[in-house]
Amino acid sequence: MASCRVCDLRTLLAIVCGLITTIILGLGIWRAVVRIQKGTPDPTPSIPTGFCRNNGTWGNGRCTCPEKWKGLRCTIANFCGNSTSGNLTFDEITVGRYGPSLQTCDKNTPNVGKPRATRLCNLTEDGVIKLQEPILGNCSLNLETLEQEIGTSMNFSTISQEAQILTSNASALTLSNLTSATKVVGQIFNESRNASSEAKIVAVTTVSQLLEARENLFQKAAAADDNAFETLIKEMENYSWSLGNKTVLNPNIAVQSVILPSGDTGESTGVRFTVQKGSSNSLVSGSTHVETNVDSINPDPMTELQIFLNTSKVNARSCGFVVYQNSKLFQSKLFTPTSSISQKIISGKTNSAGNDQSASVKMVFHPQYDKKEYELNSFACVYWNFSKNDWDTNGCSKVGENNGFLHCHCNHTTNFAVLMSLKKNYNYPKPLDELSTFGCALSITGLALTIIFQIVTRKVRKTSVTWVLVSLCTSMLIFNLLFVFGIENSNGKSKTSDTNDTNSKENTIPTRGILKVSNLRCTVIAALLHYFLLVTFTWTGLSAAQLYFLLIRTMKPLPQRFILYILLIGWGVPAVVVTMTVGIIFSQNPSQWELNYRQEEICWLAIPENKDFIKSPLLWSFILPVTVILISNVVIFIIITVRVLWKNDQNLTSTKKISSLKKVFSSLSIAAVFGITWLLGYFMLIDNDKIRIIFSYIFCLFNTTQGLQIFILHTVRTKIFQNKASEVLKSLSSSTGRMTFRRPSASLGLRVKMYNMLRSWPALNERFRLLEPFVMTKEMTLSESDQENESI
């Protein structure tokens, strides 16, 4: 009768656990199906897939094309094909650019490695793309030599042409090349040198090519000499009003001059210069135009930048404008720009009697950035102050922001810019998914009960190993608690620290282009999650190592001080890894180390925006060590499963009676402790979105309930727990014939019989402690190894 009730209790427990697992599995599958259906939106009818061709990208209501293509859908060629001329060959050349020859100067020449010639690809007046004849360079001259000759030679046309050839391959320029080239072209623009207009036009091309050099070269040059680019910038301003009514246009720079009517005509004397959006980010023919006799700014939807000079109060003879595609010549110590955001600089200057530059200036900027990824936080209207060699706000004020246009006003003319501070539009996740919350809640309950059970019943389970399991459950319990209550970033709930002040009249220069939001609490949570998850995996590895010693090396005792070693490894090594990770990242960039260590969306390790996982802390401080542990755990799991669990000894009839179901449960017990299900996380790296989502939910299902699995397989299945649970249930029952729990006899004979009977049944409900690493006989008493292992 009593045995029947015990069987009923076990059946009830099995049914309850089966129902819970089935409900969770069904919930996971249902959520996966719903997410797949909702997460695959239909393509927008107005913008069909593949609308932008030739690697063009859709954004801000238009296709942004590579330089070599143009048109509504980036289907019109904007380049000259591969060509040859004599013994010179050239690759494809974009319209408006000079292309370097593939042939370079010999190694015995001062100009070794530099192209021997350049060739221009341009548009004729009829709009036909045409290649010009190659221009040969002198391999015995380099930029450093030209810098020396510019002070004595009067052959500026040759020097300008050589400088253009030597800078045609901007990616190969060095710091010395950059500084020498800027000094050479600065002298060519100097009016006192009387260089020809052709030499100056070629020099503009050289400046455009220099603006494609690496950013760090400009930074190093400015750090070595604050006035490194001052001469070039000033001479470009003066050159801008000397062109008559002409324009010199290059991909990275445009120069426009306007002659103003003399005398009082009764008409408005304002001049408006506009830069239009194009199909690419480069300045191309038709992207700039100037208007005279106007009285205000008047931007339209295609305007990217517009400046209005009110010259009615100054005796101006002409106006000049210079547009720089980027701010590389303007190296600021106050503001750190963002390389991925276009930062155009506009120079507006008048040629008036007495060099009076007090004309009223109005400007509008329509900054080009991905509105889905970034949001404008603040901006400042500034000019370049040559006395400070930095941006300044004196005499400039903010008018405000309207329909995406940033309005500025200044009471003098010079080089202007709008310095923007953007904040990234982080996709803060909603509160944790129901499946994650439910699974973690079950795991937290199961882990807590397992820890309590292992501690309370330790004396009853004299032959049970508890240190490893208790440590594993403790680290996993703390991780689950931190995950549920701390992984969400509080910045996603409250944005009081990111107040938008685009319409504020305060004209304060921001410190950087991208606003970095600090949240020390989130960083601490990320570090704790990092630590405790590494601890959890470390204990799974130690558990595998311990089972290997107990089950495979059964004739050898555990190493001396085994418990001390595993405690130091289990809790100490992850602390060293986390500390080194934080220290290295902080030393590399102290000002923004937080978002280099963690994500902003959630309080977890960062993933680089450029997908450079080699530099990611997620890779070398988490994925790599976890991968090593999982691989070793899988190897040990296979060895134990094959050599212990599923191996039948034909000489022992007891092994033939063990059901396959029990062997399966034994295998699952090891898999749960070894964390084998974490291997599913690698399937989440699959590119297919639907497959990745399915594996994400399967991964979530198995790993958020890992604590529940350990509780069922390592606590519920033990006879002690079942008997204790039976006592509790029967104490609540009013029926008679209550069955009391009797502690098994501790006599040596009974222990020997139990050991010999169960040695062939590796059921794992006593943590494999029944298979002790020594041989027992009826004549033996408890050995020293027995007593040593009892304390584990």
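Start by selecting strand β14, residues 253-259: seven bridges join it to β18, and the two run antiparallel. Strands here are DSSP E runs of at least two residues, numbered from the N terminus, and two strands pair if DSSP finds at least two bridges between them. This is a predicted model, where local features need pLDDT of at least 70 and side-chain atom pairs count only at pLDDT 80 or more, while totals for chains, interfaces and linings use all residues. Numbering runs from 1 along each chain as its sequence is written, and side-chain values use heavy atoms, with hydrogens and water left out.

Zoom in on I259, which stands opposite S318 in β18. Now colour β18 by accessibility: eight of its nine residues are buried (under 20% relative accessible area, 1.4 Å probe, protein chains only; exposed is over 50%, partly exposed in between).

Next, pick Q331, in the loop between β18 (316-324) and β19 (345-352). Is Q331 buried or exposed? Buried, with a relative accessible area of 15%. Show its neighbours: Q331 touches E215, F218, Q219, A222, F229, W384 and N389, leaving aside residues up to four places away in sequence (contact means heavy atoms within 4.5 Å). Draw two distances here.

Last stop: L568, in helix α11 (residues 562-588). L568 is exposed, at 56% relative accessible area.

Conventions. Helix = DSSP H or I, 4+ residues; strand = E, 2+ residues; numbered from the N terminus.
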